[in-house]
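Hi everyone, thanks for coming along. Let me put today's model up on the screen, and then we'll walk through it together.

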Amino acid sequence: LSEVTTFLLEEESGCHSMWDNLSCWPAAATGATVVLPCPKVLLQYADRPGNVSRQCTDEGWTELLHSYSIACGINISNMDDDIKGIFLQAVKISYTVGHSLSLLSLSAALVILCLFRKLHCTRNYIHMNLFVSFILKAIAVLIKDVVLFDSDSDQCTLSTPSCKAAIAFFEFSITANFFWLLAEGIYLHTLIVVFFTERKYFWWYIVTAWGVPLMITVSWTLAMMCNHDFGCWDSIDSPYFWIIKAPISLTILVNFILFISIIQILIQKVYSSDSRGSEYRQYMRLAKSTLLLIPLFGVNYIVFVFVPDHLNVYFRLVFDLALGSFQGFIVAILYCFLNGEVQLELGRKWHRWCTQWYLTANSRYCFPSLDNHTTKEGTQISMVSCYSSHIQAANNDHVDLPLSSVP
């Protein structure tokens, strides 16, 4: 009934809903006075809670009967020293840069792993799916920021199907990313501890790491639609948010246990395989292996997984949002661009391309025209002699190169 009334008011001579960059004023009939509580964003600067009000006239909405500063008791000195606002803006810029870098680097890494057939194996297939989950996560974060925090967006119309779909896609991407981090941990742990046929169980990773997040997101969406259909579903205060948070917390805990188990195995292997090596070298090998596994297992998330959301807010924002946004970029660097197999294949491809370009660029000077050579045999002899001279010259350069470097 309220929606029908609002629709009729907007169709009649009343005032339409309006967003004044701080508050959303609902549609009202002519002559009505609308009273709203002070916006939450201003409460940090206010000395006391208060209300703001406007009147709806034949000419539209009036100005505020009392300005925000007077009605909400805002202390101007607090606004001049807006350290919190500057901090939040810096965090937003940081994670925007981080997700953008992750998106670009992961896309390039995914293309490389897809193009080179020699890199196609179960391990890299799991890496590729992890890259896709990071890409979806970065895209979802950027879309969510545009929908929720764009200065030109009308905050009065945020409770729309498109806005809710963006948040649902965001929750699915986050959940899928954590499940693929878990898949990486389970695969690596099982590969070290138990010997099994890799391809036999690969599709179980696919079904689990994509299917379970989809079912979780669908369950959360149905719960929000039926029981908590308010706003844009972006509030973490909803009791149904645990449908998302509980499985994610479980994956973080299991991955941390797998991480500790693998580190113990690495310690045993380091000291057993290099018993005559120096202690410094052993510690360096162990530290390198540990640092390589931290971004792959998402161990950084264990810091706040069981801490309430309202505690250590600023440290959580820096650690989870700002630094966590670069995780995809780090994973792409460590497990693609610095991978020895990838570098070897890229080197071979580059050498092959340079050779083809060299032969193609010089072939135009070797092919005689039909006007000068009337016989097919003459043309073939010219081609063979030309290529032979280039191949011989290349071989001579290759042989002479080491000799020239000898003192």
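Let's start with one serine. Leaving aside residues up to four places away in sequence, Ser133 touches Ser173, Ala176, Asn177, Trp180 and Trp210, where contact means heavy atoms within 4.5 Å. A word on where this comes from: the model is predicted, so local features need pLDDT of at least 70 and side-chain atom pairs count only at pLDDT 80 or more, while totals for chains, interfaces and linings use all residues. Residues are numbered from 1 along each chain as its sequence is written, and side-chain values use heavy atoms, with hydrogens and water left out.

Back to our serine. Ser133 sits in helix H6, residues 122–149; helices here are DSSP runs of H or I with at least four residues, strands are E runs of at least two, and both are numbered from the N terminus. Is Ser133 buried or exposed? Ser133 counts as buried because its relative accessibility is 0%; the cut-offs are under 20% relative accessible area for buried, over 50% for exposed and partly exposed in between, using a 1.4 Å probe and protein chains only. A polar atom of the Ser133 side chain also lies 2.6 Å from the backbone oxygen of Leu130.

Now over to helix H12, residues 327–337, whose buried residues are Gln327, Gly328, Val331, Ala332, Tyr335 and Cys336. Looking down the axis of H12, these residues fall within an arc of 130°, so they line one face of the helix. That arc is taken from the directions from the helix axis to the C-beta atoms.

Finally, the overall picture: the protein chain has 14 helices and five strands, and 37% of its 407 residues are buried.

Key:
A polar contact is a pair of N or O atoms within 3.5 Å; within protein, one must be able to donate a hydrogen and the other to accept it, and residues adjacent in sequence count only if both atoms are side-chain atoms.
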